[in-house]
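User: I would like to learn how to read a structure like this one, step by step. Could we go through its features together?

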Amino acid sequence: MAAKFNLTDDTIVVIIGSGAGGGTLANELAQRGIKVVILEAGPRHEIEDFVNDEWESFGQLAWKDMRTTAGSWKVHRDFPNLPAWIVKAVGGSTVHWAGASLRFQEHEFKTRTVYGAIQGANLMDWPITLKDLEPYYAKAEDKMSVTRTNGIPGLPGNNNFKVLAAGAAKVGYKQVHTGRMAINSQPRGGRGSCQQIGFCFQGCKSGAKWSTLYTEIPKGEETGKLEVRPESHAARIEHDAAGKATGVVYFDKDGKQQRQKARIVCVAGNSIETPRLLLLSESSRFPNGLANSSGQVGRNYMRHMTGSVYAVFDKPVRMWRGTTMAGIVTDEAANNPQRGFVGGFEIETLSIGLPFMAAFLDPGAWGREFTSALDGYENMSGMWLVGEDMPQESNRVTLDPAAKDKWDLAVANVHFDDHQNDIAMRKYAHKAGSAVYEAVGATRTFPTPPYPSTHNLGTCRMSENPRDGVCNKFGQTHDVRNLFISDGSQFTTGGAENPTLTIVSLAIRQAEYIADEMGKKNI
Amino acid sequence: MAGNGNANKLDRRQFLAGVSTALIISGAALIHPAEAWGLEVKNLTPETMRTLIKMARDIYPHDRLADRFYAVAMKGYDEKAGSDAATRAMLETGVSTLDELARKKHGVTYADVDWEAERVALLRQIENDKFFQTVRGGLVVSLYNQKDVWPAFGYEGESASKGGYISRGFDDITWL
């Protein structure tokens, strides 16, 4: 049923990446009868291949190809070659995401207008509004079976959620629930309901969590219009004399160089690989990289303000039982500059197993202060703090001048410094989070630093004016009409919310636009 | 690790020789009479391996964990020393340096320094060295990723094959 297309077929849409953006876009186009080839750098693992084991799963799923880092962020010191924890496999990071599916707030599409000029921040209003995106949010929520939408009940709360909810109530938070999750609370969309296995980050063994791997991609393949090529690493996007994209050069599973012709190329490699590929595709016509006349490719790299709070109690919690992200407090999500920073943040439960807790609770720490914390593991509860960070031009993905990957391509270097606003928000959030746990009797709390990034955003931002960004409001690059950005790289600013729902919504909208423009022979 | 065959043959003098460590060197092997196991050291000197195991506990001390977990966690370095001369040199030199610091301060080798706090103070002097960083960086995985270690922390590991926790206590908290 899955299609098989010829390398010389120049009528197809080539999508690089198969995650939330690429996988969704591929199915949406295939459903409209458009021929699609997905080039996915990673292998294809199915549900039965997933393992409930943190390090083994990391070895199976994570993007471990060489990357370098720079800047004052702690990740550079603790994990110099692992700036991001994302997936290299069919399904991309929808294989390991937690499932939180939140819409952006209205003001988050117009931060320059609402927040004003913030020194050092490259704020800009999105070229679209919440109103523009609402119909697509609705389609995405239906497609992904998001709880608390479309009449779908919320998930039941696990132990970790119960601790959060009790503490949140005591400190006076009002908006506390088990989240809007793309994890089935009842069978829907051909997927069963959540078995409270835990290990959401290691690939959902029951398939209750939405992932393009076993939803969008097989649905697209059933149309006979979609071919997925795993272990196909895109190396370069080519163009003709007129500056139109003509195809993609890639290395196949045997390491052999191939060239797939294309009518349209869509890049959805996550916000580190997407700008890397555009930069690697420089030519005499595009000397600074493809679609980079603005100079913004790779800039404004955002990773969300993040941090965690873990707390130890005098009695067991067993936070690892059940969904990893089991509940949310949204009271701090609004923009309320009186707190000493602009933008807001979400409080979401999080649990990691003992092996990852040892590695991530306080990277590099040792001795009794550290091990006594781990001795309290069974009595521990955990939350993740995720908020809007400030885009900065100098936070940037560039090509490393020295390091090369196994295909001799320059690897990505990720430079990041926290903005003062990010630091102020994290400090406040760590305090707010600790207060929640102290309210229900925590004997010790740990304000935990950010992990390697899971939300990578903004490196090919949308802009009204081609001077200010890389793509327009449909993700179409300003410089190359048949080249699209189809992942979180498009984000003009990051919002406080977990980005997947917005990426999926933008992909649905982009598919509609591409099909329309193809029909009109504009591209 | 081998069985406990040699442990019974050790005489009283040998027991007393290892003052602050329960690990006894016998030829190319480390013997742990109290826990009844032995470990053949193939590529490092047994003294170095004994020190590395002591160091492992000092880096990540868990009083509820037996020495064998630390030995298992460090065993990989002996194997790596066999295939990689640079690693072997780094470990042997690192331990010598540590012993030198211990002799200067306490007149005995690192493993024979009585108090954990005193040994930790020596480790703090070398914590930014490649030797320490390598040992700690490997240990944080090789110790905590042992499935046999998890029960000591209450961690239950894999759950999918048991049907998850939907009927096994995902929401069984009672004390709130």
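**Reading the fold and the contact**

Analyst: In chain B, residues 24 or more positions apart account for 59% of the contacts with a separation of 6 or more. Please keep in mind that this is a predicted model.

User: How much of chain B counts as buried?

Analyst: A residue is called buried if 20 or more other C-beta atoms lie within 10 Å of its own, and by this criterion 34% of the 176 residues of chain B are buried.

User: In what order do the strands of the open sheet in chain A lie?

Analyst: The order is β6-β7-β8, and the pairing is antiparallel. The edge strands, β6 (233-239) and β8 (257-261) of chain A, each pair on one side only, and neighbouring strands of this sheet are turned by 25° against each other on average, with direction ignored. Between β6(A) and β7 (residues 245-251) of chain A there are 6 bridges, and I237(A) has V248(A) in β7(A) as its bridge partner.

User: How many residues does each chain give to the contact?

Analyst: Chain A gives 36 residues and chain B gives 28 residues. On the side of chain A that touches chain B, α6 (159-171), α9 (354-360) and α10 (368-375) of chain A each supply at least two residues, and sorting that side by class gives 16 nonpolar, 11 polar and 9 charged residues.

Key
Residues are numbered from 1 along each chain as its sequence is written. Chains are lettered from A and ligands numbered from 1 in the order in which they are written. This is a predicted model: local features need pLDDT of at least 70, side-chain atom pairs count only at pLDDT 80 or more; totals for chains, interfaces and linings use all residues. Two residues are in contact if their C-beta atoms, placed from the backbone, lie within 7 Å. Helices (H or I, at least four residues) and strands (E, at least two) are DSSP runs, numbered from the N terminus. Ala, Val, Leu, Ile, Met, Phe, Trp, Tyr, Cys and Pro count as nonpolar, Asp, Glu, Lys and Arg as charged, and the others, Gly among them, as polar. A residue is buried if 20 or more other C-beta atoms lie within 10 Å of its own, exposed if 12 or fewer, and partly exposed in between; C-beta atoms are placed from the backbone. Two strands pair if DSSP finds at least two bridges between them. Axes are lines fitted to C-alpha atoms, for helices over the stretch in contact, and angles run from 0 to 180 degrees between N-to-C directions.
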